Amino acid sequence: MKLQLALDLVDIPGAKALVKEVESFIDIVEIGTPVVINEGLRAVKEIKEAFPSLTVLADLKIMDAGDYEVMKAAEAGADIITVLGASNDRTIAGAVSEARKTNRQIMVDMINVQDIETRAKEIDALGVDYICVHTGYDLQAVGQNSFADLQTIKRVVKHAKVAIAGGIKLNTLQQVIDAKPDLIIVGGGITGQEDRRAAASGIRELIAQG
Ligand SMILES: O=C([C@H](O)CO)[C@H](O)[C@H](O)COP(=O)(O)O
């Protein structure tokens, strides 16, 4: 089980400082959608250059032009790029095919997909690397989470790795771990804590205990 740190509400210097603090506890660093909106793919490039041994995920949430946008993210140094599950199969297939050219990986974000079971089966057949259930900020704000959706994709996804994101904190982590995803994505559960190193270390320890 791997741990991905999501960086959403920082600029490039802030991202570098944060990664430096928790680097030893994480496997993947995510350059979040708000960071890409504010800073562009330069944020991906600078983090990859500063932390070459970390896997860098560009959370582009691609909805169209999958091949072109994956190509640009790969040029910036992204190892994994996100595409939306709500996008057309052609977009996802184009993203996968482009990623294969440069040995990159595609994560499909199932945010706001209504029929998770049907769509996850379709997407799994397209050869993506990860399928991620995700409750975004707007639905976290009204108390939703993706714990039940994680059980669903664990049951139906046969090829891709499965991941979960959205509001995961130390006190809700155990029920996520119990479902045995391949990857757990944590943003505010680390970045929003007073002692970020302690939060990352605690999360890593719990994951290691399984
Ligand atoms: O993808 C995300 C969100 O849509 C904002 O871009 C976050 O990275 C993801 O939700 C993880 O962050 P937390 O919910 O703060 O754990």
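Before I start: helices (H or I, at least four residues) and strands (E, at least two) are DSSP runs, numbered from the N terminus. I also remind myself that this is a predicted model.

**Entry 1: Asn112**

I looked up where asparagine 112 sits, and found it in the loop between β5 (105-109) and α6 (116-124). Next I checked its backbone: phi is positive, about 65 degrees, although asparagine 112 is not a glycine. The exposed class stops at 12 or fewer.

**Entry 2: Lys180**

Which loop holds lysine 180? I traced it to the one between α9 (173-178) and β8 (183-186). Lysine 180 has a positive phi too, near 55 degrees, and is a residue other than glycine. I noted 11 other C-beta atoms within 10 Å, so lysine 180 is exposed.

**Entry 3: α4 and α5**

Now for a pair of helices. I wanted two values here, because packed helices are described by the angle between their axes and the distance between the axes. For helix α4 (residues 66-76) and helix α5 (residues 89-101), the axes come within 7 Å and cross at roughly 35 degrees. I wrote down the crossing of α4 and α5 as right-handed.

Which residues make the contact? On α4 I listed Gly66, Asp67, Val70 and Met71. On α5 I listed Thr91, Ile92, Gly94, Ala95, Ser97, Glu98 and Ala99. Sorting the residues of this contact of α4 with α5, I got five nonpolar, four polar and two charged.

Methods:
Residues are numbered from 1 along each chain as its sequence is written. This is a predicted model: local features need pLDDT of at least 70, side-chain atom pairs count only at pLDDT 80 or more; totals for chains, interfaces and linings use all residues. Axes are lines fitted to C-alpha atoms, for helices over the stretch in contact, and angles run from 0 to 180 degrees between N-to-C directions. A crossing is left-handed if the near helix is turned anticlockwise from the far one by less than a right angle, and right-handed if clockwise. Two residues are in contact if their C-beta atoms, placed from the backbone, lie within 7 Å. Ala, Val, Leu, Ile, Met, Phe, Trp, Tyr, Cys and Pro count as nonpolar, Asp, Glu, Lys and Arg as charged, and the others, Gly among them, as polar. A residue is buried if 20 or more other C-beta atoms lie within 10 Å of its own, exposed if 12 or fewer, and partly exposed in between; C-beta atoms are placed from the backbone.
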